[in-house]
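Please have your viewer ready, as each paragraph picks out a few residues to look at.

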Amino acid sequence: MNHLIKTALMGSMLVSSSSFAAEHIALSSKLNTHPALDAVDQFNHNAMQVTDIKRVLANHVAKDLATQEKSWLHQLSNTHIAKLSALSLTQNNQQLMQQANARTRSLKGLEQANANLYQLRLASKDMLMQWQNGQQPLIAFAPKGDDKDWLYVEAFDAQGNLHLLDARILPSQPVLILELDSQQVKKEGLAVMQSIFEQARSQSPSVMLQQQSVQDTAISTSKLDRIRLNDDEEPWVSGKAEVYAVVTGVSPSRDEPVLDIVDMPYLDHDGTDYTPNQILIHWERYRWQAADVLLMEQDDNTNYQELATTFLDIVTQVMRAIPDPNVQGYAIIPQLTNQLIKAMPSHWFSNDDDYLDVFYTLFEGQKYTNHMGASNNAKITLSPLTINPRSVEPNTDR
C-alpha cells in the first residue's frame, strides 16, 4: 500500500475510532447493557462486532421458537421475510433486540433511531411447505470473513443447540436467516455518505449563484438504459444483492475531487438484465466532461461514515499530489478511482461493501452499448439525455 493510501486510511481510522468511542460512551450511559451482549468483544473491528451481535441475537431468538413458532409461521407465510420488531418475542429478547439495534447503528455510522434494522428471512421459498408440515426451522446468520472462504454456516435450534450447515449447499430443512434489513441499511447509509460528500464540495456564494442561474438552461446527463451483473455464486445465506454506484471525477470550478452516490435498488440478482432508465451522471458536476463509475455491493458490516470519509481522504490526497491537474486532464480521474479500488482489499474487512466492477473514463454525450466493465463483471448500456428547462408561459394579464 503506498504512502498516500496509508495516510488517508490512518486519518479516517483515527476519526472513526474517536467518534465511535464517544458514541459508545453516550450509548452506554443511556442503556444498561444486556448481559448477552457482553460476549461481543468491543476491541474487535466494527465488522466483527456486527457479526457477533447477529450470533447473539440468533442464539436467543431461536429459543422463542418453542412458544412463538405458529405466530412466526403465519407472519412469514406471505412475504417470507419479517422485521424482528414485528415478531412476537419474549420481553428479554425485545430488550436484547433494542440494544443490539442501537449498538449496530453506532457501529455502522448510522443515526440513532427507533427503526429496527434486524429481520428474519426464510432462506428459500420452498422451505415454507416443509415448515408448514411440521419441520422446525433453525436460525442462522452469515459468518465472518470473505464469503468465498466460508465452509459452513452456524445455526441454532429452539433448544439452543448449534448446527453447522454447508455454506454452499442449501439445507434440506427450513432455515430462517437473522440479518440486517439491507434495503433500509443501504438507504440510510447512502444518505450519510451523500451528506458527507456534499459537505466536502461546499462552494462559495458566487459559484452557488452561478449554478442557480444554470438551472434555467438545459441539463446534460447520461441515462442508464440497461445493466447486467454476472453470476458471482453468492452463498445461499447472503440473500439478494444491494448495489450502488460511486461516480468519481474532478470539480469544474476547483482542483478538488467530486464523488456522487447513485442508488440502484432494483438490481437484486446477478445474471439478470435490468432496464432502469435511470440518470447515472450529471455532467455539469465534472470537469473535462469525463467521469468514472465504480459499482459496489452493500453488505452488513460497513460503517458508512468511515467509508465516505476514507473515500474522500484518499482522492483528496491523490489530487494534492498532482502539481497541475489540467496538464494531465481527464487522465487523472482513473488515478483517483484506482486508489479507491487498491485501498479496499487491504483495509476494509471481509464482507464489507464489496467492489463489483468499474467503468473508466465515460464521456459526456457518448452512447455506450453493452459496455463491459474493467473486471468483466458488469455490462451497461448508457445513452446521453438532455433535460430541457421548463418553459415559462408569458404573462398575458393586463
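Which residues does Trp-72 touch, not counting residues up to four places away in sequence? They are Val-61, Asp-64, Leu-65, Leu-87, Ser-88, Leu-89, Leu-120, Trp-131, Ile-139 and Leu-176, where contact means heavy atoms within 4.5 Å.

Before going further, a word on the ground rules. You are looking at a predicted model, in which local features need pLDDT of at least 70 and side-chain atom pairs count only at pLDDT 80 or more, while totals for chains, interfaces and linings use all residues. Residues are numbered from 1 along each chain as its sequence is written, and side-chain values use heavy atoms, with hydrogens and water left out.

Now for the overall picture. The protein has 10 helices and 15 strands; these are DSSP runs numbered from the N terminus, with helices (H or I) of at least four residues and strands (E) of at least two. Of its 398 residues, 49% count as buried, where buried means under 20% relative accessible area, exposed over 50%, and partly exposed in between (1.4 Å probe, protein chains only). The accessible surface comes to about 19000 Å², and carbon and sulfur atoms hold 50% of that; such areas come from the Shrake-Rupley method with a 1.4 Å probe, and for residues only the protein chains shown count as cover. Among contacts between residues at least 6 apart in sequence, 74% join residues at least 24 apart.

In soluble globular proteins, nonpolar side chains tend to be buried together. Here the largest nonpolar core has 81 residues, and Trp-72, Leu-84 and Met-193 have the most contacts inside it. Helix H8 (residues 304-320) supplies the largest share of this core, with nine residues. Apart from it lies another core of 26 residues, including Ile-227, Trp-283, Tyr-286 and Leu-295. A nonpolar core is a set of buried Ala, Val, Leu, Ile, Met, Phe, Trp, Tyr and Cys residues joined through side-chain atoms within 4.5 Å.

Polar residues can be followed in the same way. Take His-34, which sits in the loop between helix H1 (3-30) and H2 and, at 4% relative accessibility, counts as buried. Its side chain makes a polar contact of 2.8 Å with the side chain of Asn-92. A polar contact is a pair of N or O atoms within 3.5 Å; within protein, one must be able to donate a hydrogen and the other to accept it, and residues adjacent in sequence count only if both atoms are side-chain atoms. Leaving out residues up to four places away in sequence, His-34 touches Asn-92, Gln-95, Leu-96 and Gln-99.

Ser-220, in strand S7, is partly exposed at 22% relative accessibility. Its side chain has a polar contact with that of Glu-364, at 2.5 Å. Beyond neighbours within four places in sequence, Ser-220 is in contact with Ile-281, His-282, Trp-283, Glu-284, Glu-364 and Leu-385.

Next, the charged pairs. Side chains of opposite charge can pair when their charged atoms come close. A salt bridge is a side-chain nitrogen of Lys or Arg within 4 Å of a carboxyl oxygen of Asp or Glu, and the count comes to 11 salt bridges. One of them joins Arg-55 and Glu-154, at 2.7 Å from N to O. This pair links distant parts of the chain, with Arg-55 in helix H2 (residues 46-62) and Glu-154 in strand S4 (residues 152-156), 99 residues apart. Arg-55 is partly exposed, at 30%, whereas Glu-154 is buried, at 18%.

Another salt bridge pairs Asp-263 with Lys-186, whose closest N and O atoms are 2.6 Å apart. Asp-263 lies in strand S9 (residues 257-264) and Lys-186 in helix H6 (residues 182-200), so the pair ties together parts that are 77 residues apart in sequence. Is Lys-186 buried or exposed? At 1% relative accessibility, Lys-186 counts as buried, while Asp-263, at 28%, is partly exposed.

Leu-151, Tyr-152, Leu-162 and Leu-164 make a nonpolar surface patch of about 440 Å². Patches are made of residues with over 30% relative accessible area and no salt bridge: like charges are joined within 9 Å, nonpolar side chains (Val, Leu, Ile, Met, Phe, Trp, Tyr) within 5 Å. Leu-162, in strand S5 (residues 162-166), is partly exposed at 44%.
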